[in-house]
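Reader: Please take a close look at the side-chain pairs, starting with the aromatic rings and then going on to the charged groups. Which residues are paired, and with what geometry?

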Amino acid sequence: MSLIEITEVRKSFGANEVLKGINLDVEPGEVIAIIGKSGSGKSTLLRCINGLETISGGSISVAGAQLAEDEVHLKALRLKVGMIFQQFNLFPHLTAGGNVMLSQMVVKKVPKAQAEAMARRMLERVGLAHKFDAYPDELSGGQQQRVAIARALAMQPIALLCDEITSALDPELVSEVLAVVRELAAEGMTLLMVTHEMKFARDVCSRVVFMHQGRVHEIGPPEDVFANPQTPELRQFLGMTGHA
Amino acid sequence: MIEFTTWDILRNLLLAARWTVLLSLVSFIGGGLLGLALLFGRISPRRWLSKATGSYIELFQGTPLLMQMFLAFFGLGLFGVDVPARLAAGLALILWSAAFLTEIWRGCVESIARGQWEASASLGMGRLQQMRYVILPQALKIAIPPTVGFSVQVIKGTALTSIIGFVELSKAGTVVTNATFQPFTVYGFVALIYFALCWPLSKSSQILERKLNVAHRNH
């Protein structure tokens, strides 16, 4: 059984069908890059997986936890998949440490001392142990995003969803975040990332999904998808001319 | 004819002002508690609940406070309930304050970026936990200046209770005027006492606003 099973998922916003029947199975430890033009539905797909958007049809399950609309099912699902956002979304009224501790204590009822120890370990893991007491507005974008990763990791998810996590960063800060993700991939974390970092996708990912107009248009290992695109849409997206 | 000294006038007004202060406190605290409960209804994802609280707010914002007091005072009387003026006054002011505070706070809660809801949801928090630990602590900061500012409206609102016969500062002013025939002096003092109550509040609202520097944080 696959870790994440996405079956015939459809999603409409009003009359606009954004996802038109997506099928995707993700095995444990896979790193999947989802690429495509803006509006192709890639962020929506990611947001559906942990219930930030309700799906209009099909089914999604993560390690046996089925996506459903009620809070109990959602919570069970969200404990298994963490999510990292383009805009970091750190809680501005809490320190970096507080950000990483909060959900452990509130959701998992972990005692404070234990949550703090975990927070320190996770911040250490993303190279920010020394920023435990810093507030988000005292951190650079790259640092904030690393705290966000630590915050998600502290919940010990079995998969992470990354929604364009480097798109809001200054170019020189992108690599520090990608380095952390690369490390997670090497440690065997299952990752689903929407990204525009093609080089990173090529180097790190096990499979690349190219989405076009709400469908999985092409899928395969990066060496195939990037070197030998089958469809004109993907060729165009990758900036290859029709005769290449 | 009895002569009244200025001190006589002032003393009686100040004694009555205690009722203004007390009524203001009761209305503000009561309205705040009710407003907080209504706030949860107003921003609830359940459509009917948010609609119902929305109608409540529109009803109380869309009618004069004076009418609400008349209705509380005479309306309950129709059902054979004998309502003392202070009860009707307090009730009407609590319901009225709650409507305005809910709307003020709703604005504050909705000014918190959507990403905060999404991030806390993705970490597995339920709606109440999101409110308690993520949204309200941030919204509170934004809410303090307008809330303190609104307390001034509550104090001035208590003046209307004089019409249904509750003896607070304004009513006392009328009574003292009738005895002394010095309306200008008496109402002058009444106004000064109201000002002494309200001005520090509006001033502190301004100071708080600057101090919390809400609009420009994080930029």
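Author: Rings of Phe, Tyr and Trp (its six-membered ring) pair if their centres lie within 6.5 Å; planes under 30 degrees apart are stacked, over 60 edge-to-face, the rest tilted. By that rule B:Phe70, B:Phe73 and B:Phe74 make up one aromatic cluster. The model is predicted, so local features need pLDDT of at least 70 and side-chain atom pairs 80 or more, while totals for chains, interfaces and linings use all residues. Residues are numbered from 1 along each chain, chains are lettered from A and ligands numbered from 1 as written, and side-chain values use heavy atoms without hydrogens or water.

Over all chains, the structure holds nine aromatic pairs. One of them is edge-to-face: B:Trp19 and B:Phe166, at 6.0 Å centre to centre and with 90 degrees between the planes. This pair links distant parts of the chain, 147 residues apart. B:Trp19 belongs to helix 1 (residues 6–42) of chain B, and B:Phe166 to the loop between helix 6 (127–157) and helix 7 (169–180) of chain B; helices are DSSP runs of H or I, at least four residues, numbered from the N terminus. B:Trp19 is partly exposed, because its relative accessibility is 38%, whereas B:Phe166 is buried, because its relative accessible area is 8%. Another pair, B:Trp96 and B:Phe150, has ring centres 5.5 Å apart and planes at 35 degrees, so it is tilted. B:Trp96 sits in helix 4 (residues 85–110) of chain B and B:Phe150 in helix 6 of chain B, so the pair ties together parts that are 54 residues apart in sequence. Both B:Trp96 and B:Phe150 are buried.

Rings also take part with charged groups. In chain A, the charged end of A:Arg120 sits over the ring of A:Phe132 at 3.8 Å from its centre (NZ of Lys or CZ of Arg within 6 Å of the ring centre and within 35 degrees of the ring normal). Likewise, A:Arg151 is placed over the face of A:Phe91, 4.5 Å from the ring centre.

A:Glu176 is in helix 6 (residues 171–186) of chain A and A:Arg146 in helix 5 (residues 141–153) of chain A, so the bridge ties together parts 30 residues apart in sequence. With a relative accessible area of 24%, A:Glu176 is partly exposed, while A:Arg146 counts as buried at 12% relative accessibility.

Two further bridges each stay within one helix. A:Asp203 and A:Lys199 have their closest N and O atoms 3.0 Å apart; both lie in helix 7 (residues 198–204) of chain A, four residues apart, about one turn of the helix. A:Asp203 is partly exposed at 41% relative accessibility, and A:Lys199 is exposed, with a relative accessible area of 60%. In chain B, B:Asp8 bridges to B:Arg11, with 3.8 Å between the closest N and O atoms. These two residues are in helix 1 of chain B, three residues apart, about one turn of the helix. B:Asp8 is partly exposed at 22% relative accessibility, as is B:Arg11 at 37%. Elsewhere, salt bridges with shared partners join A:Arg47, A:Glu53, B:Arg114 and B:Glu118 into one network.

Key. Buried < 20%, exposed > 50% of the residue type's maximum accessible area, 1.4 Å probe, protein only. Salt bridge = Lys/Arg side-chain N within 4 Å of Asp/Glu carboxyl O.
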